[in-house]
Amino acid sequence: MSSSGPLHMIDLIRKKRDGGALDAREIGFVVAGAVDGSIPLEQLAAWLMAAWLRGLSLDETRALAMAMRDSGEKFDPSRLGKVAVDKHSTGGVGDKTSFLAAPLAAACGVAVPMISGRALGHTGGTLDKLESIPGYRTALTLDEFEAVLTRCGASIVGQTPALVPADRVLYALRDRTGTVENPGLICASILSKKLAAGLDALVLDVKTGSGAFLRRREDAEYLAALMVATAEGAGTRTVALMTDMSQPLGRAAGNWIELVEAVELLRGLRPPESEDLRELSLVLSGWMIHLGGKAATAEAGYALAEAALMDGSALAIFFKMVDAQGGDVSVFDDMAGFHKPGAMHVLEAWESGFIAEMDTTAVGMAVQRLGAGREKAGEPVDAHAGVLFDARRGARVEKGQPMATLYATSAARLEEPIAILKGAIHFSERPLLAAPLVSRVFTRETAEKHLEKTASSF
Ligand code: URA
């Protein structure tokens, strides 16, 4: 039950703890208190845990997304004179599609104002990866963001204290309090950033499988439908693609080594271990180009994106964007020479067989503990830590064959990740049936139908 009198955080914690639903005014109170510091972190953390355990209703999720969106400044892309389209993933391991999809879509004539995040839980962060380029600034003012977009067609930045400050506070707190993996909280966090960017259209990449925040397929489908319906309700044309995260995407998981893999593809190279990354980047940018009105279908958008990959125009946009955001583009002249990990270890297959199941969340934890992620908010990350895989799921390996190279800040940080990886990777005698890379697409109609059927169980 809501009231019109004064609100107290302790009442809202109890209400959520006991399974009640907060109304928009109460949600607004929580968000405002998170931003201005009037609600102490322990109370916010308790509320987040209650929300995680009890779940958020559709109305609560919508109210949270909108209050977070409105918690700070907003970007108005209308002055760019182009349709503004972005993509966002729900978080994965080795997911570097943004470095490809943003310049690919920009090369085909849409504007890509991308507000991204940092490493969260076991997943990597686009901003941490970009900051491995010396000088690259992820904290731009909105005027600077607009200037980069006007010059390059794409810009990838982080939240600033002024832009979606509520997510800045809540995202870091969720990361430290085990409250990330909840559909309503993920939906509100992602959409607050995307809607504050004033997008005309949005392509969501919702991960399923062992490395996704929501591992159960029905949870990931619910999240996809929830995000599409919420964003469409706020006036942004949105689709969600359910994509496979039962192994890291591509061959690299870390910071700098992920940029290397993306730039190799932008240069037209096609290492077989990066084929899934190339394909998914083209599919996502195909949808961005289609929703941006530059292609009649997503398939036609794919063909345009592939042409922009092959003729080097997307690479030129990526470098232009890096330069415009203060990054030293010369590091891409000698990518191997720039890579200076503190220590490394080659992991050899400890059995012969086909690489079968992978606990990709554990793989992500190993990557973070090598130094690529942080244990406490604000800690620096190591640009050069990470794992480079030589063999992917389904490959046949012989005992003693190199499977992956681990890069760490120091030799002391290698031991635990080696043990984690050994526990995370399993072998089988027979080859696996590969999971489809894109298993389902949600549009507004299918999302609404899905929610009608499933919302009561979440
Ligand atoms: N990415 C986000 O931006 N927020 C989440 O909660 C999860 C993934």
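Predicted model: local features only at pLDDT ≥ 70, side-chain atom pairs only at ≥ 80, totals over all residues.

Student: How many cavities of 30 Å³ or more turn up in the whole structure?

Tutor: Searching the whole structure gives three.

Student: And how much space is in the largest cavity?

Tutor: About 340 Å³. Its lining has 28 residues, and the closest to the centre are H88, S89, T90, G91 and Y171.

Student: Which helices and strands supply at least two residues each to that lining, the one of the largest cavity?

Tutor: On the strand side there's β1 (85-89) and β2 (112-116). The helices are α5 (97-107), α6 (126-130), α8 (165-177) and α9 (183-196). The largest share comes from α9, with five residues.

Student: OK, switching to the second largest cavity. How much space lies in there?

Tutor: About 60 Å³. This second largest cavity has 14 lining residues, with G124, G254, E258, V367 and Q368 nearest its centre.

Student: Which element gives the largest share of the lining there, in the second largest cavity?

Tutor: That's α16, with four residues. Helix α16 spans 360-372, and both α16 and strand β6 (252-254) supply at least two residues of that lining.

Student: And how do the lining residues of the second largest cavity divide up?

Tutor: Eight are polar, five are nonpolar and one is charged.

Conventions:
Residues numbered from 1 in each chain as written. Heavy atoms only, no water. 1 Å grid on protein atoms, 1.4 Å probe; cavity = no way out; pocket = protein on both sides within 12 Å on 5 of 7 lines; lining within 4 Å. Points joined across faces, edges and corners; volume = space filled by probe spheres on them. Nonpolar A, V, L, I, M, F, W, Y, C, P; charged D, E, K, R; others polar.
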